Amino acid sequence: MPCSIQLSNLFWSTPDGQPLFTDLTLQFGPGRTGLVGRNGVGKTTLLRLIEGKLTPQSGQITRDGPIAILRQEAQIPQGQTIADLFQVTDGLACLARAGAGRASADDLATADWTLPARIETALGRFGLDTGPETALSTLSGGQQTRARLAALIFADPAFLLLDEPTNTLDQDGRAAVIALLQGWQAGAIVVSHDRDLLDNMDRITELTSLGATSYGGNYSAYQAQKARELTAARQHLDRARRQIDETARKRQVTVERKARRDRAGRAKRAKGDMPKITANSARDRSERTTASLSRTGQKLHSEAETALRDATARVERLTELTVSLPETGLANGQTVLRAVGLTGGFDPARPLIRDLSLHITGPERVALTGANGAGKSTLLNLLTGRLQPVSGTVTILPDHAMLDQHVGLLDPALSLRDNFHLLTPDADDKTCRAALARFGFRAESALCPTATLSGGQMLRAGLACVLGAPRPPRLLILDEPTNHLDLEAIAAMEDGLTAYDGALLVVSHDHRFLRHIGITRHLTLPRQL
């Protein structure tokens, strides 16, 4: 069924009265639209408005056809099964009664005998070999996301709303989402920072604080267009700066020329070379000219300043964060991490990691990959001492830092500045401010409570506090660092990690991210049975 979604003059503000959308007008039709923008700009809120979970203060949303949504953070009700997720519990119960010979006439009339096969097909499409009776709580985060995607497809909507669909998926899961969208014939709006996924979109719509702009083509085409816009904006800024300088120069020349004429006129009047009536007339003309020049000069200067502000705003909005870091002092070839015969896990009776050995020397960059549930995060906890191994040994540099997905090294009750000083007690406030500013936390934002940050801001803050020290740690361990970052923040992180001269151990399913930060070796954990 064809589907279209129309947003007309939409206005919505946060509960504290901050406008998020003002007079927003957008239209979505058949095809795949990638919705991008900085964290906090309102991408998830826009999906909730389209879904009908939120009501705009003004404006109109028109939906033509059924929609289905995959939310970024979905709470699983206690005891919910895949059958509950697919909303087929009653249908399967009806088939069970029929199979046991206890079906009523109504049961037999309404029984859908294709139901089990359709459920199996939907689950298999996302690599899930499990039955409808399986409790969702027994699945990993990535498997739960796959199950929810399967349930969306099973519902056969006309329009898909996907909020970060690949966030917790391994490479196979990401490939399944991409394959799904490549074959999707109806409408789809996809909020994502997964650049491989966004490269399969038909168009990109960017949300900013100024509104929304749509670009034809995939993410790579969008990037090229944004680069052209940035070049044009910088040229416009240069012209505006030259204009304000030229206006000030001309104004000064005019004022100086008039001052010389006025001095000459006053000298003539003082010597009595002109009649009084002529002198008074000249004085009046001079005063009128002065007032006119002042008004004209002020107008030109105001226009030039307005052009400069507009040009500056465009460049600031289009320019991505850039990061530069101090040196770590890591010697080439120095051992930073060694594990020998490591075995362990959260359940010592059933260890996920068995007899693993690993040796990392500076400044190697190692990617730790593997399917969901293979034990990547478990291994990081064993390597950093958060978990004690059942057997084996680990030797690791004392000046290492680990950023997990929840950035547990930051105290949510403290401000960013206080967290920085807690982690780097020898740094002065100037160093702290400079480190936070390099990752986008300037002025008063450095004083905001850490608990108020979004997931992406939290990870950026963690990186700022760890890498912004006068001497950063020689080994940095990252667990799914791009999961909650927007595209701009991912680019800033790539920039920062490229500038980082220490050793890296990174868990990530984002191959483009791993490629951009210069990974030199991959360690793939086997799939657990």
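**Close-ups of aromatic contacts**

At 8% relative accessibility, Tyr-222 counts as buried (buried is under 20% relative accessible area, exposed over 50%, partly exposed in between, with a 1.4 Å probe and protein chains only). This is a predicted model, where local features need pLDDT of at least 70, side-chain atom pairs count only at pLDDT 80 or more, and totals for chains, interfaces and linings use all residues. Residues are numbered from 1 along each chain as its sequence is written, and side-chain values use heavy atoms, leaving out hydrogens and water.

**View 1. Tyr-222 with Tyr-219.** Here the ring centres are 5.6 Å apart with the planes at 40 degrees, so this pair is tilted (rings of Phe, Tyr and Trp, taking its six-membered ring, pair if their centres lie within 6.5 Å; planes under 30 degrees apart are stacked, over 60 edge-to-face, the rest tilted). Both residues sit in helix 9 (residues 219-271), three residues apart, or about one turn of the helix; helices are DSSP runs of H or I, at least four residues, numbered from the N terminus. Tyr-219 is buried too, at 5% relative accessible area.

View 2. The structure has three aromatic pairs. One of them is Tyr-215 with Tyr-222, edge-to-face at 5.2 Å centre to centre and 75 degrees between planes. Tyr-215 is buried, at 8% relative accessibility.

**View 3. Arg-460 over Phe-441.** The charged end of Arg-460 sits over the Phe-441 ring, 4.8 Å from its centre (NZ of Lys or CZ of Arg within 6 Å of the ring centre and within 35 degrees of the ring normal).

Terms used. Helices (H or I, at least four residues) and strands (E, at least two) are DSSP runs, numbered from the N terminus.
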